[in-house]
Every structure is written in C-alpha cells, then in structure tokens.
Number of protein chains: 2
Amino acid sequence: MRSTPVEDATTRSRIRDAAITLFARDGFVATSVRSIAEEAGVSAGLVIHHFGSKEKLRAECDAWIVAELMKNKGGVDEGNLSASMQVMLSDLDQYRPTLDYLGRMLLDGSEAGDRLLDDLVKLTETMLEEGVANGVMQSTSDPYMRAVLVTLHGVMPIVLQRQFARMLGEPGLTATMIRRMTLPSLELYTHGLYRDATMLDAAREALKGNE
Amino acid sequence: MRSTPVEDATTRSRIRDAAITLFARDGFVATSVRSIAEEAGVSAGLVIHHFGSKEKLRAECDAWIVAELMKNKGGVDEGNLSASMQVMLSDLDQYRPTLDYLGRMLLDGSEAGDRLLDDLVKLTETMLEEGVANGVMQSTSDPYMRAVLVTLHGVMPIVLQRQFARMLGEPGLTATMIRRMTLPSLELYTHGLYRDATMLDAAREALKGNE
DNA sequence: CTCTCGATTGAACGACCGTTTAGTATACTG
DNA sequence: CAGTATACTAAACGGTCGTTCAATCGAGAG
C-alpha cells in the first residue's frame, strides 16, 4: 500500500487550503509561512518540507485555483470560463475562497493570473464575435479592445470586491450584491448610458483630427 | 529667518516623492524604509526622523496625492473629480506617479482611498442625475448602483493598469492606450452591447420571481 | 565667541522573515 | 526482526525589517 493513498485530503492539502485562504485575505507578501502553518495546525518547517519554498507553494495554489475554475466549465460547447464564473457566483458560500484568491491573482500580476486573464479575454472576444454574427450584439470599431473592456468590467466585482462591498454596506461578496448589480449592468449593456451619439460623434471627430 | 522656509522643496519632500514612487510601484508592504531612503539619497533613520513611522509616512503620501487630485479641479461649476482625472490622463507624463499611486490607494483599501472612492461615486451619481434630468442620459432602476458601476468602470484602467497595459502590448499607462479605449468605451455607453432587451427582460422576470 | 537646536548619519536593537538542520516518531519493506 | 523512507517538530541560522540611539555637523541666536 502506498503511504499517501490519494495524494490529497491530507496534511498537504490542509496546508494548501490554509495558504489559499491567507493569500486571498492578506496577499502574498503580507502572509508569512508561520501563519500558514498555524492556520493548518502544523509547524513552519513542514510547510517548506512539503512545498519546497513559499514561492513554490504559491505556484501550487495558483495551479489549484485555475484547475478549480476550469472544473466547472461543464461539457457542452457553450461551457466557457465566464459560465464557470457564473456558476461560482451563484453558489458563493462554496466558492468564496476560490473567488477571493482569483481576485488576488489578477491583481498581483502573477504568471498564472496573467494567462488566466488572457484566456478570459479570448473567450469573451469569441463570445462577442458570435453575438455580432447572430445579430444579438452591436458591432464595434475595435473588437479586441471591446473584449478587453467587457472582460475587465466582468472581473471588476471580484477584483475590487472590498470596495464594491463597502459601498453597498455588505460584509463581502454576497448574493445580495450580485443580485442588485444584475439589472443596472444589463441596463447599461442594453440601452447604454447616453441617449444619443453626441459624445461618440465628438470623440470620433476629435480622434480623426490628431491621428 | 525660519530654518525650514517653505516647509517643502527640501529633503523632506524628496523623501515623500521617493515614497510615493515606490509605494505606487511595489505596494506598501513590499517597500522598505531603507529603499525609500536610498531612492531619496538619505539614511533610513532620517526618514523616521521626519515622519515618525512608515505608517505615518504613508498617511502623508495619501494626503498629498488627494490634495494633488483636488488641485486640478479648476474653478468652474463643472469642475469635479472626474474632470480632474481627465486632465491628468491627458498629461500622462507629468501625472503618472500620482495616477499610479492612486491605483494603489484604491486597491489597498486605505482610509484615504476609501473616502476618495466614496467622493467619486457621489460626484458620478450627481453627474448621472443631471444627465437624466437634461434628457441626455438613460434612466435606470437603481441610480446609486449604476453610479457605483460607472465609477468603478472609470477607475478600472488605473487600478488594473498593469493587466490593461500588458494586454495591449504597452509598457504601462500610455496615451496610445487612452486613445484606443476612448471609442469602444463610448460605443458601449452609447449603443450598449445587446441590440434588444431579451437578456434584460429575462433578468427582470427572474428577479421578480425569487424576491 | 559660545550655546542651542534641527538635520543627518551609522551602528545597533529586537522582532520577524524564509529556510535549514538535527532529531524523533511512525509505518512500510525485505 | 532490522532497515529505510517519510511525516513531522523544535530549534537555530542568516537576513531584513521598522525603529532607536548616540554622535556629528552646521547654522542661527545671544
């Protein structure tokens, strides 16, 4: 029999979970190996013993979160990363650590976070292209830039969740927040903000000038 | 004659500028007092001598940045914080340190950053109300939430400038980026993203259900 | 001139950091 | 059974952290 039967559900995974919690809450630099060890109920030496270094532990946490994110993609063709995030947002209590950590990853500019964001933009771009092709979405002068904007608008509640929650008087990312932002977001994406094209035309004119 | 004639333009201000640069670039926790001292060309002890502690230095940097931000508001009635930020974005080279630091402030959830964001939301809410009253902007089911969304969308390029720049192949916040995002942003705010209200109506129906 | 006081430095302090090491307990292998 | 590999701890190491302290310098006051 192997000594580590499932390679997980063990001390090692408890350490990783503790690290994910603390990295997400306090950030990488502000989290000490000793505090992770304490949260996991082990010694600091054991953390290093299992993961080699704090940096390698971070890399493993990153990989774990990315895997978690991809897991919920489902099997159908429609199943993309945004849908996965939608699933998570609808079951907040279960996925809060994952989402919190995701926000940190995107902020820290970690390797994994960068690649994840690139994937998100690519998926969004495809989705927007299909929307335009199907006639349900407006066309644009700069499809890639619009995909970047829509993507960043989408991850904004996760990345800026602290400020977002504070302004709504909520203790963190709550279902109430998600529900309340749904209509205004869709209103913006349906009717826009401006009632005519005055500002847009002015900008077009101005940009044509100094090109 | 006083020993510190203008109370600034001295070593003290050089230390503060160095701190702003490094806090903005690396974050508060990742910046050491010694590195600030080196950047300013002084000893670490002198930094503490002038500001009392690293935390008090941060508070003074916060206050300085907020003052810098308010300075550009101009005198006319239209002069609000957003206009000030617009001024800064149009003269990037001069205001880059200020804008970089501003992004950090909003992320760190510092006291000053929170208050600044509250002010921005309030100003945005007023601006949107006037827009609706003047008939140039769409109305909304949740004015405050829309103001929050529009505000956060507005600061997003500053807060997420690293990712934003990386995805456009730029080295940082550049005039090229600002120019390129102008049209897609205004397109979204003018025509929206969806060509009809299918999604919006569906969401309205769904929310009416589980209220 | 002396006295005083703020600016400034370099060394030192104690705390905490990530990591290493030596050692113990345990459980599988042959 | 002895042998070996692994989980794990406690202590220690070297380094960096924010901060303190004693000493020096220079300029203004009397």
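In the predicted model, 52 residues of chain A are in contact (C-beta atoms, placed from the backbone, within 7 Å) with 52 residues of chain B. Two or more residues on the side of chain A that touches chain B come from each of helices H6 (92-108), H7 (111-133), H8 (143-159), H9 (161-167), H10 (175-191) and H11 (198-209) of chain A. H10(A) gives the most to this side, with 13 residues. By class, the side comprises 30 nonpolar, 12 polar and 10 charged residues; Ala, Val, Leu, Ile, Met, Phe, Trp, Tyr, Cys and Pro count as nonpolar, Asp, Glu, Lys and Arg as charged, and the others, Gly among them, as polar.

At least two residues of the surface near DNA strand D are supplied by each of helix H3 (44-51) of chain A and helices H2 (33-40), H3 (44-51) and H4 (54-71) of chain B. H3(A) gives the most, with four residues. The surface near DNA strand D divides into seven nonpolar, nine polar and three charged residues.

Chain A contains 11 helices and zero strands, where helices (H or I, at least four residues) and strands (E, at least two) are DSSP runs numbered from the N terminus. Of the 211 residues in chain A, 31% are buried (20 or more other C-beta atoms, placed from the backbone, within 10 Å of the residue's own).

Residues are numbered from 1 along each chain as its sequence is written, while chains are lettered from A and ligands numbered from 1 in the order in which they are written. In this predicted model, local features need pLDDT of at least 70 and side-chain atom pairs count only at pLDDT 80 or more, whereas totals for chains, interfaces and linings use all residues.

Terms used. Contact = placed C-beta atoms within 7 Å. Buried ≥ 20, exposed ≤ 12 C-beta atoms within 10 Å, placed from the backbone.
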